[in-house]
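Subject: Structure for you to look at

Dear colleague,

I am passing on the structure we talked about, together with some notes on what turned up in it. Please open it alongside this message and check the notes against what you see.

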Amino acid sequence: MLLLGACSQSPPEPAGDSESSAQLQQFYDQVVAFEPCAGYGTTTSDEQLFASDPGFECARVDVPLDYNDPGGRTAQIALLKAPARGEKVGSLLLNSGGPGGPGMSMAASGATSTWAQSPLTERFDLIGFDPRGVGASTPAIDCFTDEEYEAGQAYTTVLTGSRTLTEDGARQLVSKCSERSGGDDVLEHVGTRDAARDMDILRAVLGDDTLSYFGQSYGTRLGAVYAEMFPQNVRAMVLDGGIDPGQGTAERRVYQYSNFQKAFDDMAAACANAPDCPLGTDPSKAVDNFQQIVRPLIDNPIVTPDGRVMDFDAAYGAVVAGLYDSSAWPVITKGIAEIQAGQADTLLKINDIFGGRDADGTVPNFSEALYAINCMDEQRNTPEQEVDLKRQIQEIAPFTDAGLGPDGARDPCEFWPAEPTLDIPYATDIEGLPDTLTISVTGDPSTPYEGGVNLANTLGGSLLPVDGEQHTVAFGATSTCVNDIVANYLVNLKSPPTDARCAL
């Protein structure tokens with residue numbers, strides 16, 4: 001069902017009677033109790049980051065776990081505020097992507113480094129929030145122990161790589177996540193539509209009549225769904241690395257991996273100029289060379305002295321993580337060369353950075369939350385459809401192929417306790433939405449350029465093309481061109497001209 005925008009002063013009517021409406025209104029009327037951020041970090045590095053500026057303030061905001069039952073169980077959304085350095089326009093809510101990416105650390109790093117001197121930190125309170133199920137918000141999705149991560153046993157997909165998933169395994173995975181996360185009702189209410197409704201409560205309790213928002217990658221989906229549900233409550237939205245709202249799950253996966261293969265091929269071509277390139281001097285043979293190096297890890301993984309495991313899937317995952325940004329390509333090829341020598345330091349480090357692992361082995365719940373949120377968003381496959389999808393991915397992205405064939409692939413969401421609630425396509429036929437700004441990088445391997453074009457067209461908003469090879473671009477100092485356009489749009493509500501274009 002398409003929920004139309006509510007006026008900014010009142011929440012939307014929940015299913016049910018006036019009592020339910022009054023119960024929901026209480027969440028909009030709550031007073032946020034900000035306090036020092038000690039204890040809000042889920043890792044030591046987060047705690048250190050949150051303590052890096054004494055001006056940071058943190059809080060938890062109550063929201064209904066189930067919006068159809070606002071008088072029932074509640075969830076708590078954790079947020080960090082970096083107060084504006086000057087005259088304030090309002091709050092700027094941030095989402096780092098994923099799904100499953102934390103927003104609190106995004107606000108903290110934005111205020112202290114990437115946007116430290118930006119007009120955005122001068123004119124907005126940066127509000128980083130961990131979406132429901134994520135990070136410091138409660139209840140948080142929890143499927144694996146840190147020890148299972150260390151042993152390479154914590155995985156939620158077999159669509160790529162060497163692993164398989166049985167029917168019993170798929171059932172046990174969901175059961176374990178439910179038990180450790182607080183029950184089936186938690187798993188049933190971590191989707192993007194629930195998170196978008198949480199954002200409207202955050203907008204209200206922060207004192208903003210309308211929402212200013214910056215979202216990357218998955219954050220563009222969250223923003224688009226908010227725009228669909230609450231168009232009259234939108235002030236401005238920057239959507240960086242747009243996900244196509246009309247593209248089905250299987251189609252998008254094939255499209256995405258074809259772009260990862262292109263990034264791999266481009267990396268191999270750049271590496272070929274170096275005489276010690278582990279992928280060889282002939283880019284046409286790079287995939288074969290890569291497979292010869294990493295496929296032996298299936299039967300003989302590298303185990304570090306402290307028990308960490310580098311198998312095929314961990315090596316492949318590190319390579320994919322590095323493909324997000326062309327500046328990381330030399331680091332990836334260094335890590336591949338180390339594998340040839342029986343070492344795994346560099347690729348382990350890439351996985352640690354990408355997954356947010358602490359030096360003490362603490363792993364945030366990024367990948368677990370990603371799994372859970374996707375289960376409530378994405379279209380599901382039968383086992384036969386998942387095997388066929390894996391076959392397609394291996395054909396268009398052969399660097400993902402472990403050489404074991406596609407059999408044994410299975411949708412890990414098959415036995416999730418609720419059906420998806422996103423509905424694809426989404427964010428269509430929205431009325432009364434102000435201009436939005438979608439940014440799309442021409443060589444983005446994760447959210448390909450055309451997806452951003454389609455998102456901008458669906459929302460009827462502005463599009464800023466950026467020539468380059470990386471995933472998202474606006475959170476940082478990569479491009480003065482991009483930064484100036486984003487700041488002018490968010491602060492002054494000035495959209496770029498239709499022929500605007502930037503380059504990295």
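In which loop is the place of Pro425? Pro425 sits in the loop between α16 (383–396) and β9 (437–441), and, bearing in mind throughout that this is a predicted model, the peptide bond that joins Ile424 to Pro425 is cis, with omega at about 5°.

The loop between α16 and β9 also holds Asp429, whose phi is near 55°, a positive value in a residue other than glycine. Asp429 has a relative accessibility of 71% and therefore counts as exposed, the cut-off being over 50%. The C-alpha atoms of Asp429 and Gly460 are separated by 9.3 Å, although these two residues are 31 residues apart along the chain.

A cis bond is also found from Gly98 to Pro99, where omega is near 0°, and Pro99 belongs to the loop between β3 (90–95) and α3 (104–114).

A positive phi, of about 55°, also occurs at Ser217, which is not a glycine, and which is placed in the loop between β5 (211–216) and α9. Is Ser217 buried or exposed? Its relative accessibility is 11%, so Ser217 counts as buried, for which the value has to be under 20%.

As for annotation, the UniProt record, an unreviewed entry, places the feature "domain: AB hydrolase-1" at residues 92–310. In the model, the end C-alpha atoms of residues 92–310 lie 40 Å apart, and this span is 45% helix and 13% strand.

Turning to the helices, α10 (residues 249–271) packs with α12 (residues 312–323) at an angle of about 85°, and the axes of the two are 10 Å apart. Because an angle from 65 to 115 degrees counts as roughly perpendicular, α10 is described as roughly perpendicular to α12. Which residues make the contact? On the α10 side they are Tyr257, Phe260, Ala263, Phe264 and Met267, and on the α12 side they are Tyr316, Val319, Val320 and Leu323. Sorted by class, this contact of α10 with α12 consists of nine nonpolar residues, with no polar and no charged ones.

How many of the residues of α15 are buried? Nine of the 12 are, and α15 is accordingly described as mostly covered; the buried residues are Glu368, Ala369, Tyr371, Ala372, Ile373, Asn374, Cys375, Met376 and Asp377. These buried residues of α15 pack against α5 (146–150), α6 (167–181), α7 (184–187), α8 (192–205), α9 (218–229) and α10, and α10 is also the helix that packs with α12.

Lastly, Pro497 lies in the loop between α18 (480–492) and β11 (502–503), and with a relative accessible area of 53% Pro497 is exposed.

With best wishes

Key: Residues numbered from 1 in each chain as written. Predicted model: local features only at pLDDT ≥ 70, side-chain atom pairs only at ≥ 80, totals over all residues. Heavy atoms only, no water. Axes fitted to C-alpha atoms, helices over the stretch in contact; angles between N-to-C directions. Helix = DSSP H or I, 4+ residues; strand = E, 2+ residues; numbered from the N terminus. Parallel < 35°, antiparallel > 145°, perpendicular 65-115°, else oblique. Contact = heavy atoms within 4.5 Å. Nonpolar A, V, L, I, M, F, W, Y, C, P; charged D, E, K, R; others polar. Buried < 20%, exposed > 50% of the residue type's maximum accessible area, 1.4 Å probe, protein only. UniProt positions renumbered as here; feature names shortened; annotations may be inferred.
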